[in-house]
Amino acid sequence: MNGIRVQDPGLETTVQDTGRLGYYSIGFPPSGALDSFAYHVGNALVGNEPGAAALEAVYLGPTLEFTQDTVIAVTGADIPAFVDGEEIPTWESVAVSSGSVLSFGQLRAGARPYVAVAGGIDVPLYYGSRSTYTLVGIGGFEGRALRAGDELAIGSAAHDPKPGRRLDAGDVPVHPSTAEVHLLIGLHSYRLTDDSLARFTDTEWKVTPDANRVGYRFRGAELEFVPREQPFGAGSDPANVTDCGYPVGSVQVPGGVEPIVLLQDAVTGGGYATLGTVVSVDRDRLAQTKTGDRTRFVPVDLDGALAVRQERLAALDRIRSALA
Amino acid sequence: MTTTEAETGTRYDFGGDEFVYVELSAAMSLPVHFRSLAITRRLGEEAIAGVEEICPSNASYMVRVDPDRLHPRDLVRELQRIESEVGDLSDDLTVATRIVDVPIMLNDPWTHEVLMKFRDRHQDPTGTDLDYGARVNGYDSTEAFIDALAASPYLVTMMGFVPGLPWCFQLVPRERQVEVPKYVRPRTETPERAFGFGGAFAVIYPVKGAGGYQLFGSAPAPIFDGEQRLPDFAENESVVFFRHGDVINYRRVDREEYDDVRAQVDAGTWRYSFRELEFSPSRFLADPDGTNASMKEVLYG
């Protein structure tokens, strides 16, 4: 089979696309690329239509041997990438020949590099998506992260491959060690004391080792719940509410000490009070933070959240047009 | 940011830029759930452009919206309109659903083994989850508690957490409803198909994993089939069996019947037994036990 042979999978490399949308109400999280900007720009660089599947790695890049000529682009985290030992530019499309090996150096900043390939990674669609959801083992390549020896097919999705397409330097995201993400406070925020809510947005939260595609846990302050007689059905813990849906990006604080931001592979509902939701486009920024990095949650209202979204999506549209 | 409807007590709120969250009540009750059911079914029928997904839940519901097509504030106005049009439950509201026979072995060896491993995370390290559930709900014996768990059917009031998990609320008056706290600290292990209880909700865990619900039993038949191997899943082109609004009758089985169902599952021949029916919330609320008896009659003939 022509395509990609995995020599070394890195830490956890999965096939991802725009996600499995439309099944949230039966418990399927969207999955899909955590850093949507890096994923979409990668596809645009290699000339793919939006939505082609790419590879998402975390912390350690994979080592991949190409068994056909193709065009690739590495985006996302700031990490040196090499083809046959020669450093290649990232955020730029590069031609590779059959037999070439892509490898990575040490991560400089960010957390997740992406590898886009002209034609996309060809795995079967599962519930309308090629994204891997490892928690129940579906989608992507056999429902799991890649392993050494796996052979991936490259798809024949509509594409216009061309080496040398480059993202303007001014558009390349920087990954500061303190990320700022916008937060729309609400949902069950009334369950926290005013002091605790203020403390939540004043604190620089530290990313714990428990940070993955399901969610990111943070440490940095203690939050307190307003005492109350619990409503019927909620359960007795003050952090509990009657089980309800969780928006993707919502923030919950089970024990008052470890806020969790739910990401693309998270549970779709449960019984913990949520204090607000990270604006969707800012999940890109969280995806590029790693254990030990810091995060600030900047409060916005709905109009502010929509403005952040529109600004980010407009930039992506402009970049896509420029690269087309 | 929270819009409060003075007359209904419903809270409309925004879950970031892509979700609208609507809480009809902080407390769970069947009348509240039936209202949310009526609203979300109506919203689905209206097929409003920009409404990407409707997620009904227990005493609330959530809508995923495409804010580039429909402003979340405009969506809230539509939802408020629908809520006022649905109003109080009308007598003629019925819901097309099905009643499903779900075999369940309570006090089974598999969840017993796991729950004994995690006594240090439980409210009562000396007993079992069933003993504890019986005590905090005022039952004289664990056996009487087990009888109550399986005596009346449940309504699937929410789907999710992971694919296919049904949150089930027992169709009995409030004073007969079981309520238990979740574990003090969640377990890192729950067997596949475990029957658990947390707050006022029973669940079956579709896959193994972490979990915080009290462990009461085990279902022999799968509720999630990722490869759609069994006919119930293949014929419906779905990897999950249950649907929001299903009525589940948990039927106690012994070890022999449990093993028999497992053998059918392994052979790929297992099918759930179910019947379609029209569920009338107002009729149920007027006569819970009579409605339950007639639904069981439909199921078991």
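I start with what pairing means here: two strands pair if DSSP finds at least two bridges between them. Also for the record, this is a predicted model.

**Entry 1: the open sheet in chain A**

Chain A holds an open sheet of 7 strands, in the order β7-β6-β9-β4-β1-β12-β11, with antiparallel pairing. Which strands stand at the edges? They are β7 (86–88) and β11 (121–122) of chain A; each has a single partner strand, so one side of each is left without a neighbour in the sheet.

I then zoomed in on one pair from that order. Strand β1 (residues 3–8) of chain A runs antiparallel to strand β12 (residues 151–154) of chain A, and 3 bridges join them. I picked out one bridge: I4(A) has L152(A) as its partner in β12(A).

**Entry 2: strand β10 of chain A**

Next I looked at strand β10 (residues 109–117) of chain A. Is it covered or open? I found it mostly covered, with 8 of its 9 residues buried.

I looked up two of its pairings. Strand β5 (residues 70–78) of chain A runs antiparallel to β10(A) and is joined to it by 6 bridges. There, A73(A) is partnered with A116(A) of β10(A). Strand β3 (residues 54–56) of chain A is joined to β10(A) by 2 bridges, antiparallel again. In that pairing E56(A) meets Y114(A) as its bridge partner in β10(A).

**Entry 3: A54(A) and the nonpolar core**

Which residues touch the most other members of the largest nonpolar core? That core has 175 residues, and the answer is A54(A), I72(A), V20(B) and C168(B). The largest share of this core, 7 residues, comes from α1(B).

I listed what A54(A) touches, skipping its neighbours within four places in sequence. Its contacts include Y114(A), V115(A), A116(A) and V117(A), and also Q16(A), A33(A), Y39(A) and I121(A). Y114(A) is the β10(A) partner of E56(A), and A116(A) is the β10(A) partner of A73(A).

Is P30(A) buried or exposed? I counted 21 C-beta neighbours inside 10 Å, and the cut-off for buried is 20 or more, so P30(A) counts as buried.

Leaving aside neighbours within four places in sequence, P30(A) is in contact with G19(A), R20(A), L21(A), V248(A) and Q264(A). I also checked one distance: P30(A) and L192(A) are 162 residues apart in sequence and 29 Å apart in space, C-alpha to C-alpha.

**Entry 4: chain B overall**

Over to the other chain. Chain B has 9 helices and 13 strands. Its radius of gyration is 20 Å, close to the 19 Å that the globule rule gives for 301 residues, so chain B is as compact as a globular protein of that length. The C-alpha trace of chain B spans about 55 × 40 × 40 Å along its principal axes. Of its 301 residues, 49% count as buried. Taking contacts in chain B between residues at least 6 apart in sequence, 64% join residues at least 24 apart.

I looked at two strand pairings that share β12 (residues 247–252) of chain B. Strand β6 (residues 95–106) of chain B runs parallel to β12(B), with 6 bridges, and V102(B) is partnered with Y250(B) there. β7(B) runs antiparallel to β12(B), with 2 bridges, and L155(B) has V247(B) as its partner.

**Entry 5: domains of chain B**

How many residues are in contact across them? I noted 10 residues of domain 1 of chain B against 10 residues of domain 2 of chain B. On the domain 1 side, helix α1 (residues 30–46) of chain B gives the largest share, 5 residues. That side divides into 6 nonpolar, 4 polar and no charged residues.

**Entry 6: where the chains meet**

Last stop, the contact between the chains: 44 residues from chain B and 43 residues from chain A take part. Among the elements of chain B that each supply at least two residues are β2 (11–15), α2 (72–86) and β7 (154–159). The side of chain B that touches chain A has 25 nonpolar, 12 polar and 7 charged residues.

Note on methods. Residues are numbered from 1 along each chain as its sequence is written. Chains are lettered from A and ligands numbered from 1 in the order in which they are written. This is a predicted model: local features need pLDDT of at least 70, side-chain atom pairs count only at pLDDT 80 or more; totals for chains, interfaces and linings use all residues. Two residues are in contact if their C-beta atoms, placed from the backbone, lie within 7 Å. Helices (H or I, at least four residues) and strands (E, at least two) are DSSP runs, numbered from the N terminus. Ala, Val, Leu, Ile, Met, Phe, Trp, Tyr, Cys and Pro count as nonpolar, Asp, Glu, Lys and Arg as charged, and the others, Gly among them, as polar. The radius of gyration is taken over C-alpha atoms; the globule rule is 2.2 Å times the number of residues to the power 0.38. A residue is buried if 20 or more other C-beta atoms lie within 10 Å of its own, exposed if 12 or fewer, and partly exposed in between; C-beta atoms are placed from the backbone. A nonpolar core is a set of buried Ala, Val, Leu, Ile, Met, Phe, Trp, Tyr and Cys residues joined through C-beta atoms within 7 Å.
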